[in-house]
Each structure stands twice: as structure tokens, then as C-alpha cells.
Amino acid sequence: MECQLAREEIGPSHCLPKPNEHIMVLRKMKSYMVSIIIPALNEESTIGEVIDEIPKKELQKRGYGVEIVVVDNNCNDRTVRVAEEKGVKVIVEPVRGKGRSVRTALKSVSGNFIFFLDADYTYPATYILRMLEVLHEGQDVVIGSRLRGQMIEGAMSRMNLVGNRFLSFIASILYGTRISDLCTGYWGFTRRVIEDIELDAKGFEFEANIFAEVAKNGYSIAEVPIHYRRRATAPKLDSLKDGFKIGWTLMTRKFRRK
Ligand SMILES: Nc1nc2c(ncn2[C@@H]2O[C@H](COP(=O)(O)OP(=O)(O)O)[C@@H](O)[C@H]2O)c(=O)[nH]1
Ligand SMILES: [Mg+2]
């Protein structure tokens, strides 16, 4: 599938892959469920667009049940109201932290395939279709890789770009499993993986926690190149502090006994 990058921004319907033969067969098996988790901390201006962009109808057409869950971490804006108006499930996690929030949601979702992506409308949700195909083709885990795809100018700061490349390199060397974008917020899994790995990260070191566990347990990780949009509001991630925590998580997980 060729996916052209629009000059300024990426439209939501640009990247819909065509159903392949494999998926046509799966259409007949109506029992698969896809769960999509969206951790959100005060994202009232974008949460609605993220939900709208999820290719729910196309997934249903292909025979999947779809469950969308927004995790509210005591947002003090209209995030929850917007999500409820869109008719999706909202789960409350009272204690702050992206990792903690996604972990809380993981306990309550019922999908055979489980995804999570950010609430800030930076990751086009349409890639879920292609990522799902990759899981069906036999991969255990799939990431949306911004570094193998195309980023809108200014979507990732220079510091985050260098830090992410460095951390991805360290992760690949330490665990002997290649990853091009360790810090991506766009992940998909089969249920088996989620039930098997041990996740306990609280904040933005969550992705490093996932990668370490997945790699240590010998699961395969595939990458789908994605487009990455600019964030319209201020990020919650602190590049230095969180970058250090991510590095620390990679090191400590490597040598921790099971
Ligand atoms: N529920 C919850 N979500 C969070 C928290 N911190 C960040 N997020 C969400 O996690 C996603 C990534 O945050 P962001 O600041 O964009 O980080 P970056 O994309 O890694 O630079 C966004 O959807 C945030 O709303 C938190 O403490 N709780
Ligand atoms: Mg973001």
C-alpha cells in the first residue's frame, strides 16, 4: 500500500489498507474482538478526533468486534465528557501515570487483539488495520514506527529524536531484538502476550517495560512504518527526566530475574 504524505497534514482516510485475501477469510469468522486503549490526560481538544479516526466501521466490516476504552486519570478538562459523547467506554484510574493507566485498562478489556495509542491525535488511528493484519500473519507484537515512517516537520523535537534513536539503539543491543522506535506510543498485541508478560511501569517508561518483557520472553515484534503528526498542545513527557527513566528501565529489566 502506498501512502502519500499530504503537504501539511495527514488526512484520516489516507492510509486504509485494502482487505487482502487473508482478511477476507477472517471475515467469515465473526468472533474476533479488537480492544483499543487510549490513555488521556487532559486531551479535550483532540480526544474526539482520535476516537473518530479509529476505523471502527471498516473493522466491523472485516468481521471484528470493536471495544474502545479511554483511560481518564482524573482529567480536569472536558476529556471524559467528549469521550462519553462519542459513546466509548471510560475507565478511571485515580493515580497519575500513563503506564499505570494503560495497565488498569488492560485488566478490563476483552479483545483477542489489543492496541493502545495516544490521545493527542499524533498517531493516525487508521494504521490499526495494517497492524492487525500483521498480528494475524503470526507476529506477537506490532509497533507503529515513526522513525521508519514519515514525520511532519516539527512533530518530534530534535532532543526527543536523538534520545529516541539512542534509547532504541541501546534497547536493540541489550536485548538482541531490533526496535527502531522504542518510545512510540502505538502498540498492538495478541492477548496471549498481554497475559504472559509482567508489566509494572507507572509512567512513560511503560514502553521500555513492554519491550524488555516481550524481548526477554522471546516474542516477535514487527514494525509498521507510520506517519506522525505534530502535537497541537503541550506534551506531558519530560524529555530528560523520562528519558533517564526509560534508560534505567532498560538496564534494570535486562538483569532482573523472572
Ligand atoms: N491516563 C494518562 N494518560 C497520560 C498521562 N500522561 C500522559 N498521558 C497520555 O499519554 C499520551 C502521551 O503523552 P505525551 O505527552 O503526548 O507524550 P509523548 O507523545 O511521548 O511525547 C497522551 O495521550 C497523554 O494524554 C497520565 O498520567 N495518565
Ligand atoms: Mg504524544
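Angles under 35 degrees count as roughly parallel, over 145 as roughly antiparallel, 65 to 115 as roughly perpendicular and the rest as oblique. Axes are lines fitted to C-alpha atoms, for helices over the stretch in contact, and angles run from 0 to 180 degrees between N-to-C directions.

This is a predicted model, in which local features need pLDDT of at least 70, side-chain atom pairs count only at pLDDT 80 or more, and totals for chains, interfaces and linings use all residues. Residues are numbered from 1 along each chain as its sequence is written, while chains are lettered from A and ligands numbered from 1 in the order in which they are written.

**A helix pair**

Helices (H or I, at least four residues) and strands (E, at least two) are DSSP runs, numbered from the N terminus. The axes of α7 (residues 158-175) and α10 (residues 239-255) come within 10 Å and cross at roughly 0°. The two helices, α7 and α10, are therefore roughly parallel to each other. Residues are in contact if their C-beta atoms, placed from the backbone, lie within 7 Å. On α7, the contact includes Met159, Gly163 and Leu167; on α10, it includes Ser239, Gly243 and Ile246.

Classes come next. Ala, Val, Leu, Ile, Met, Phe, Trp, Tyr, Cys and Pro count as nonpolar, Asp, Glu, Lys and Arg as charged, and the others, Gly among them, as polar.

| Group | Nonpolar | Polar | Charged |
|---|---|---|---|
| Contact of α7 with α10 | eight residues | five residues | one residue |

**The ligand shell**

Ligand 1 is surrounded by 18 residues; the closest are Asn73, Ser101, Asp118, Ala119 and Lys236. A residue is near a molecule if its C-beta atom, placed from the backbone, lies within 6 Å of it. Both β1 and α5 (98-108) supply at least two residues each to this shell.

**The sheet**

Seven strands form an open, mixed sheet in the order β3-β2-β1-β4-β6-β5-β7. Two strands pair if DSSP finds at least two bridges between them. At the edges, β3 (89-92) and β7 (221-228) each pair on one side only. Strand β1 (residues 33-40) pairs with β4 (residues 113-116) in the parallel sense, over four bridges.

**Arginine 231**

Arginine 231 lies in the loop between β7 and α10. It is partly exposed, with 17 other C-beta atoms within 10 Å (20 or more would be buried, 12 or fewer exposed). Leaving aside neighbours within four places in sequence, arginine 231 contacts Asp120 and Thr122.

Definitions and conventions:
Contact = placed C-beta atoms within 7 Å.
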